[in-house]
There are 2 protein chains.
Amino acid sequence: MKMNIKKKYLDLVEKLEEISHLSGVMSTLGWDQEVVMPSGASEARAKQMAALAGVIHERMTDPQLGDCLATLKETDSFAFSAFELCNIREAKRNYDLETKIPKKLAMEMVALSSRAHPIWVSARKGNKFSDFSPVLNHFLELKKEWAQYAFPDLNPYDANIENFERGTGMAEITPIFEKLKAELIPFIEIIQNNPYQPDASFLQGQFPIAKQEALGRQISTDMGFQFDQGRMDVSVHPFCGGSHPTDVRITTRYKESNFIESLYAVIHETGHGLYEQGRMVESRDLPVSESLTMGIHESQSLFWERMIAQSNFFCAHYFETIRATFPDNLQGATVDTLYQAINICQPGFIRVEADELTYPLHIILRYEIEKGLFDGSMAVDDLPEIWNGMMMKYLGIKPPSDALGVLQDSHWSGGAFGYFPSYTLGAMYACQFYKTMVNELPNTEKNIEAGNFFPAKNWLNEKIHSQGRLYTPQELVQKVTGEPLNPDHFIAYLKKKYTAIYHLD
Amino acid sequence: MKMNIKKKYLDLVEKLEEISHLSGVMSTLGWDQEVVMPSGASEARAKQMAALAGVIHERMTDPQLGDCLATLKETDSFAFSAFELCNIREAKRNYDLETKIPKKLAMEMVALSSRAHPIWVSARKGNKFSDFSPVLNHFLELKKEWAQYAFPDLNPYDANIENFERGTGMAEITPIFEKLKAELIPFIEIIQNNPYQPDASFLQGQFPIAKQEALGRQISTDMGFQFDQGRMDVSVHPFCGGSHPTDVRITTRYKESNFIESLYAVIHETGHGLYEQGRMVESRDLPVSESLTMGIHESQSLFWERMIAQSNFFCAHYFETIRATFPDNLQGATVDTLYQAINICQPGFIRVEADELTYPLHIILRYEIEKGLFDGSMAVDDLPEIWNGMMMKYLGIKPPSDALGVLQDSHWSGGAFGYFPSYTLGAMYACQFYKTMVNELPNTEKNIEAGNFFPAKNWLNEKIHSQGRLYTPQELVQKVTGEPLNPDHFIAYLKKKYTAIYHLD
């Protein structure tokens, strides 16, 4: 009997590793498409990716995998280690998710996704929401239907959030977001009306791209990114991809007129990259080693981007390097003016350009809209008006067009409802992790100022990256920080930081 | 009945297209590995490629594919178009080749191939043939066994040649190679002893890589390579890869001290690339559109490299461009000295560095050795001595080491016996095609001198690239040139060209 179970488990491992290898291939295709593929190859590439997706789906829904999992799930859990139990649990979750969705619905979602993307692109370009609203409505219906198959015990919107942020739903998010709103909206207003405003004009100018690239590469290396197990390239939208923890590929984009945007994209993606490169050394082709959730992944990019690289300690360390790189532009700057300039709070229309303080409100707005769409209290056709009204209420500005408003993000054109909250959950996780780290490693700030990032990297490697999926996000946060996710840390951090920057006290 | 057959054919098409898409994915992985993959990812990549190879093998040996092919092969051929018949014929050939080899043997060959490559690398590095000879012996045994399963009606060495150059075997190759030997060996000796020798010293110097790259890209573009459906990058060994006719990827390598090597690698690989980009517009995911054989592929690269780019017309067109690119080095050069310098005949040890005239003898030497190994008249252990003796006899030089002799090529470490003849078959095809083109398009030389390569490209597109696998290589050569492969054209071309260069008349 025991031998038999061991063999079943090894069968499972073999099947899961094959799926992992093929998924790595798929990621390579995705990177290739965004970074190096000739434009004329897009049709052929779509067919190649569809063929491979078909194979992966076939493997993921293999009835033999199902039988194997059924036997293992029935087995006394004491027969397995925590690693093995995690692989069985994760494999079962994935198998259920793949097999519970009727093929017709799955194909409808894929088809709508390819159809909706160009419609969204052209609606945004033409600034015409009504061109996009029919597909948005259609996707909403499909995703409601999907939710009933995927997580029948959950409210449909919770099911969509569960897809990205397991164990977290409206019951957890709504009170947290209410608190953020109550604290941040008036605080941003105070900042807006404050007589003292930092100056960022010296960050405008001409910054040769080759110098930007060298600087980004240096800082990424300093952070601990291993370029023998990764790459850095250029793409339209920065991302972190790659096929394996030994093949992690980050990208950025360059504007000659602005080096901060590119540099902080490199730092952000390096944060994601360090998570992937830091995965447990064993079992790298099994679910137990995979990154936990979207929110935890985002916590790693924001840990480095916001908590470390937007700190005055980081500015102090790199100030001379940056000034030497761009001497014409930064000759009159100081560590403090640089620190202030990269942290300016300025309500704007575009989420991806938002600062640390206004960003959560962009997310909350989207969350409340998605919630309203799923519970029927909002209608798709009313979204432009709703959007603009909420922008006024939360940030005091009204988008002049839908392109700069409700049509700005690609997420909904791919049916990715329930994804947005992860960004702000990630920011709060990052803040809470950082606070814990500073307590455990009291030299953290000195180390950052000295450019010694290894203690921070090693701490994250040990506490988070190498933990894979052994714990739920809730368990992990409790285990690492000693308490559940607590937005008070985030609020206190933002208030303290911005009170100082804006001389509010 | 007819409806049923049509449906069977459509089933076949669907299966073949899936195999084509997945093979395109495999090619992308291969390119990625050679060009951009971080070094630390090699182990993960090997597993990914093995997983995908497993899937492709599964699809290629799918019993349903076999049933489908059996039904279609039994069908009256009048039911199908020439395109359809070609797809059925090619699919049957591939299916048979995949299924006739016992799994144990196929796995042994794959395993030996991975094991043999590093052994060859280290034997070459250590200059010790005896380290490599056991695996070479082993591969020889496996390839003899393979031959009996793959092409039981053929002599084992013929079976290995058939794998690369269908329809051609020792019966065709030996008399041609004997003729080449009889003509070229004494001719090269005359050239060697000739008092007049061209000067190529001005091709040594410092040639900035960025300028080399720009020049290569310009000439590749002039030749008609479409960069919206292809790329040019750097790799250790130049190659032409990519995943599809709309995604053709050529590579070169740069030496600061020598621009000719890199430039002619670009031209050579562009020749391969034009074949791929020029494949028939329909059926691009089906066997009918695929390139015909190794020899025909090589004829396309050599057509551009040797017949066009090593001509004085090509030198005349690009002379001013090249001189303007590297003014320090070429200030004293003329069109004629450039033409002579890039065509110098100089017996050397290394095949890949050989000139047009000595290259065939490197091939003939390898062909005769492979023949001897397969028919038992030569023993692996005696190869260093045999090699060196033949080098003396054919080229009048003796390699000072096995690294510069019998260990120089990677082919045998991968079990690729029967591959070498394709290089010289390609050179002869190229010459014969070129002669026909000049007859059909009398302005060819004027066009080359004017930098107008479109007539040549279009001629190749129409006569060769777009013909796919509709004809055998023998039929194609007959159809295009009006006669079978005839080495006399090649010999006459070489004699005329080199008689002029060396002022022999």
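## Helices H6 and H7 of chain B

Helix H6 (residues 129-150) of chain B packs against helix H7 (residues 156-164) of chain B, with the axes 8 Å apart and an angle of about 75° between them. Helices here are DSSP runs of H or I with at least four residues, strands are DSSP runs of E with at least two, and both are numbered from the N terminus. Axes are lines fitted to C-alpha atoms, for helices over the stretch in contact, and angles run from 0 to 180 degrees between N-to-C directions. That angle makes H6(B) roughly perpendicular to H7(B); the labels go by angle, with under 35 degrees roughly parallel, over 145 roughly antiparallel, 65 to 115 roughly perpendicular and the rest oblique.

This is a predicted model, so local features need pLDDT of at least 70 and side-chain atom pairs count only at pLDDT 80 or more, while totals for chains, interfaces and linings use all residues. Residues are numbered from 1 along each chain as its sequence is written, and chains are lettered from A and ligands numbered from 1 in the order in which they are written.

Who does the touching? On the H6(B) side it's B:Lys143, B:Lys144, B:Ala147, B:Gln148 and B:Ala150, and on the H7(B) side B:Pro156, B:Ala159 and B:Asn160. Contact means that the C-beta atoms of two residues, placed from the backbone, lie within 7 Å. Sorted by class, the contact of H6(B) with H7(B) has four nonpolar, two polar and two charged residues. For the classes, Ala, Val, Leu, Ile, Met, Phe, Trp, Tyr, Cys and Pro count as nonpolar, Asp, Glu, Lys and Arg as charged, and the others, Gly among them, as polar.

## Helices H17 and H21 of chain A

Over in chain A, helix H17 (residues 421-440) and helix H21 (residues 487-501) cross at roughly 80°, and their axes come within 8 Å. H17(A) and H21(A) are therefore roughly perpendicular to each other.

H17(A) brings A:Ala427, A:Met428, A:Cys431, A:Gln432 and A:Lys435 to the contact, where they meet A:Pro487, A:His489, A:Phe490 and A:Tyr493 of H21(A). The tally for the contact of H17(A) with H21(A) is six nonpolar residues, two polar and one charged.

## The sheet in chain B

Chain B has an open sheet of three strands in the order S1-S3-S2, with mixed pairing. Two strands count as paired if DSSP finds at least two bridges between them. Strand S1 (230-234) and strand S2 (240-244) of chain B are the edge strands, each pairing on one side only. Neighbouring strands of this sheet are turned by 20° against each other on average, direction ignored.

S1(B) and strand S3 (residues 247-252) of chain B run parallel and are joined by five bridges. Within that strand, B:Thr252 of S3(B) stands opposite B:Val234. Helix H10 (residues 259-277) of chain B packs on the sheet and touches S1, S2 and S3 of chain B, its direction making about 165° with that of S3(B).

## The sheet in chain A

Chain A also comes with an open sheet of three strands, ordered S1-S3-S2 with mixed pairing. Its edge strands are strand S1 (230-234) and strand S2 (240-244) of chain A, and the twist averages 20° from one strand to the next.

Here's the antiparallel part: four bridges join S2(A) to strand S3 (residues 247-252) of chain A. A:Gly241 has A:Arg249 in S3(A) as its bridge partner. Helix H10 (residues 259-277) of chain A lies across S1, S2 and S3 of chain A and runs at about 165° to S3(A).

## Chain A as a whole

Chain A holds 21 helices and three strands, and its C-alpha trace spans about 75 × 50 × 50 Å along the principal axes. The radius of gyration of chain A is 23 Å, which agrees with the value near 23 Å for a compact globule of 505 residues. That radius is taken over C-alpha atoms, and the globule rule is 2.2 Å times the number of residues to the power 0.38.

## How the two chains meet

Chain A superposes on chain B (RMSD 0.0 Å) by a rotation of 180° with 0.0 Å of shift along its axis. That is the relation of a two-fold axis. The superposition is by least squares on the C-alpha atoms of residues with pLDDT of at least 70 in both copies. The same surface serves both copies, as 100% of the contact residues of chain A recur in chain B.

The contact takes 29 residues from chain A and 29 residues from chain B. On the chain A side, helix H1 (2-35), helix H2 (42-60), S1 and S2 each supply at least two residues. H1(A) gives the largest share of that side, eight residues. By class, the side of chain A that touches chain B has 12 nonpolar, 11 polar and six charged residues.
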